[in-house]
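The following briefing sets out selected features of one structure, grouped by topic. Please read it alongside the sequence and coordinates shown here.

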Amino acid sequence: MTHQSILQFSMSGRGTRNITDAVAKVVAESGTRTGLAQVFVQHTSCSLTITENADPDVRRDLETILARLAPDGDPAYRHDLEGDDDMAAHARSVLTDSGLTIPVGAGRLLLGTWQGIYLWEHRSGAQTRRVVVTVLGD
């Protein structure tokens with residue numbers, strides 16, 4: 001059995017948004033008891049991650065790390081058509097993930113106690129993002 005949904009999220013700018021409940025709802029609607037949920041973001045300047053869902057300092061610290069690895073406005077960047085954050089956002093996306101695979105068991109996502117699925121916006125301005133959730137199993 002295969003079930004697929006496209007979710008849309010408005011992001012106010014750089015940062016993370018917990019999308020676990022939205023993905024879990026797609027899994028529940030699919031009727032799949034055992035299988036996999038594949039989550040994919042259809043953009044090149046944002047990403048997906050599974051990280052701690054209890055302490056928001058973890059996500060703030062991850063943002064700090066990426067800012068050091070791919071700073072806005074680096075004069076070495078050639079791709080800057082959409083502003084100082086343009087190439088940095090693409091680099092941050094490449095350093096993280098555009099897709100995740102999560103096991104499904106007993107009809108639910110088998111995430112760990114402290115894990116959440118996050119859409120991670122790397123652009124500084126507001127964006128609308130599409131996330132494809134495909135559930136495979138029986």
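**Ser 5 and its surroundings**

Apart from residues up to four places away in sequence, Ser 5 touches Val 26, Val 131, Val 132 and Val 133, where contact means heavy atoms within 4.5 Å. This is a predicted model, in which local features need pLDDT of at least 70 and side-chain atom pairs count only at pLDDT 80 or more, while totals for chains, interfaces and linings use all residues. Residues are numbered from 1 along each chain as its sequence is written, and side-chain values use heavy atoms, with hydrogens and water left out.

- Ser 5 is found in strand β1; helices (H or I, at least four residues) and strands (E, at least two) are DSSP runs numbered from the N terminus.
- With a relative accessible area of 18%, Ser 5 is buried; buried means under 20% relative accessible area, exposed over 50% and partly exposed in between (1.4 Å probe, protein chains only).
- The side chains of Ser 5 and His 3 make a polar contact of 3.4 Å. A polar contact is a pair of N or O atoms within 3.5 Å; within protein, one must be able to donate a hydrogen and the other to accept it, and residues adjacent in sequence count only if both atoms are side-chain atoms.

**Helix α1**

- Thr 20, Val 23, Val 26, Val 27 and Ser 30 are the buried residues of helix α1 (residues 20–30). They cover an arc of only 130° around the axis, which puts them on the same side of α1; the arc is that of the directions from the helix axis to the C-beta atoms.
- An α-helix has 3.6 residues a turn, so residues three or four places apart point the same way.
- Asp 21, Lys 25 and Ala 28 are exposed on the other side of α1.
- Val 26, a residue of α1, is buried at 2% relative accessibility. Not counting residues up to four places away in sequence, Val 26 touches His 3, Ser 5, Leu 7, Val 133 and Val 135.
- The C-alpha atoms of Val 26 and Leu 7 are 9.2 Å apart, although the two residues are 19 apart in sequence.

**Nonpolar core**

- The largest nonpolar core has 22 residues, of which Ile 19, Val 23, Leu 109, Ile 117, Leu 119, Val 131 and Val 133 touch the most other members. The elements giving two or more residues to this core are β1 (2–11), α1, β3 (35–41), β4, β5, β7 and β8.
- A nonpolar core is a set of buried Ala, Val, Leu, Ile, Met, Phe, Trp, Tyr and Cys residues joined through side-chain atoms within 4.5 Å.
- Neighbours within four places in sequence aside, the contacts of Leu 119 include Phe 9, Ile 19, Val 41, Cys 46, Leu 48 and Val 131.

- Three strands form an open, antiparallel sheet in the order β2-β7-β4; two strands pair if DSSP finds at least two bridges between them.
- β2 (15–18) and β4 stand at the edges with a single partner strand each, so one side of each is left without a neighbour in the sheet. Direction ignored, neighbouring strands of this sheet are turned by 35° against each other on average.
- Seven bridges join β4 to strand β7 (residues 115–121) in the antiparallel sense, with Ser 47 opposite Trp 120.
- Five of the seven residues of strand β4 (residues 46–52) are buried, so this strand is largely enclosed by the rest of the structure.
- β2 and β7 run antiparallel and are joined by four bridges; Gly 15 stands opposite Glu 121 in β7. Helix α2 (residues 56–69) packs on the sheet, touching β2, β4 and β7, and its direction makes about 135° with that of β4; axes are lines fitted to C-alpha atoms, for helices over the stretch in contact, and angles run from 0 to 180 degrees between N-to-C directions.

**Helix α3**

- Seven of the 10 residues of helix α3 (residues 86–95) are buried, so this helix is largely enclosed by the rest of the structure.
- β4 and α2 are among what covers the buried residues of α3.

- Arg 130 lies in strand β8 (residues 127–137) and is partly exposed, with a relative accessible area of 35%.
- The side chains of Arg 130 and Gln 42 are joined by a polar contact of 2.9 Å.
- Ala 106, in the loop between β5 (99–105) and β6 (108–109), has a positive phi near 55° and is exposed at 53% relative accessible area.
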